[in-house]
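Dear colleague,

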Amino acid sequence: MPGMWWVVGAVAVLGLLSAYLIWTSGRVQRLQVRADSAARALDAHLLRRAAAAAVLAEQRYGVELYAAARIALDAVPEEREAAENDLTRQLRAVRLDPDDPACAAVIAASRRLALARQVHTDLVRDARSARGRPVVRLFRMGRGREWPRYFDIDDPTLASHADVTTG
């Protein structure tokens with residue numbers, strides 16, 4: 001009967017190892033899905049800010065801001081970061097009055113974009129960290145999906161005219 005305890009111990013160790021691997025695989029998959037969802041949310045916030053900037057440019061600020069907003073709206077994924085950085089620079093160059101509804105919409109969209117960007121960055125960092133672990137790479141738990149990518153843009157938070165004069 002002493003040999004039976006070795007079998008029970010080996011089965012217990014294999015069961016624990018299997019549970020750990022299944023848990024790790026599920027975690028990697030969940031983090032990847034969350035990073036993908038955050039990327040879609042970030043894209044939606046980028047589009048909202050560009051649309052609000054286009055409306056603002058049509059009403060008040062002219063051709064350069066409108067062109068930057070249209071380029072950001074129509075940019076292909078490879079050129080998206082540069083287009084969004086250009087739009088941010090154009091928005092910082094104009095004086096935004098928070099009492100004007102169109103300006104307030106752009107300021108609010110920029111703040112929501114900053115939050116979405118931070119969430120996306122955190123989730124991408126977590127997903128990349130989980131996929132970079134030796135056990136995950138050894139068992140190829142992340143195969144079939146691309147590595148999540150960071151979206152590097154300037155801080156999109158805009159200071160309104162009221163923030164500049166009181167701060």
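**What was found**

Helix 1 is made up of 60 residues, and from its first C-alpha to its last it reaches 85 Å, close to the 88 Å expected at 1.5 Å a residue. Please keep in mind, as you read this and everything below, that the model is predicted. Just after helix 1 comes Gly62, which takes a positive phi of about 95°.

Within helix 1 you will also find Ala57, which counts as buried because its relative accessibility is 4%, and the cut-off for buried is under 20%. Leaving aside residues up to four places away in sequence, Ala57 touches Gly62, Leu65 and Tyr66. Ala57 and Cys103 are 46 residues apart along the chain, and their C-alpha atoms are separated by 9.8 Å.

Stepping back to the chain as a whole, its secondary structure comes to six helices and zero strands, so that the pattern read along the sequence is α-α-α-α-α-α. The radius of gyration of the chain is 24 Å, well over the 15 Å that the globule rule gives for 167 residues, and the chain is therefore more spread out than a compact globule. Taken along the principal axes, the box filled by the C-alpha atoms is roughly 90 × 35 × 20 Å.

Of the 167 residues, 34% count as buried, and the accessible surface of the chain comes to about 10,500 Å², with 59% of it belonging to carbon and sulfur atoms. Among the contacts with a separation of 6 or more, 74% are accounted for by residues 24 or more positions apart. As for charge, the chain has 24 positive and 20 negative charges, whose mean positions are 11 Å apart.

Helix 3 covers residues 80-93, and its 14 residues reach 20 Å from the first C-alpha to the last, close to the 20 Å expected at 1.5 Å a residue. Which residues are buried in helix 3? They are Arg80, Ala83, Glu84, Asn85, Leu87, Thr88, Gln90 and Leu91, and the buried residues of this helix pack against helix 1 (2-61), helix 2 (63-74) and helix 4 (101-131).

Asp74 is found in helix 2, and it counts as exposed because its relative accessibility is 52%, where the cut-off for exposed is over 50%. From Asp74 to Pro101 there are 27 residues in sequence and 25 Å in space, C-alpha to C-alpha.

Arg140 lies in the loop between helix 5 (134-138) and helix 6 (161-166), and at 53% relative accessibility it counts as exposed. Most residues other than glycine have a negative phi. Arg140, although it is not a glycine, has a positive phi of about 50°.

Methods
Residues numbered from 1 in each chain as written. Predicted model: local features only at pLDDT ≥ 70, side-chain atom pairs only at ≥ 80, totals over all residues. Heavy atoms only, no water. Helix = DSSP H or I, 4+ residues; strand = E, 2+ residues; numbered from the N terminus. Rg over C-alpha atoms; globule rule 2.2 N^0.38 Å. Buried < 20%, exposed > 50% of the residue type's maximum accessible area, 1.4 Å probe, protein only. Contact = heavy atoms within 4.5 Å. Areas by Shrake-Rupley, 256 points an atom, 1.4 Å probe, with all protein chains shown as cover. Lys, Arg positive; Asp, Glu negative; His and termini not counted. Charge placed at Lys NZ, Arg CZ, Asp CG, Glu CD. Expected span 1.5 Å × (residues − 1).
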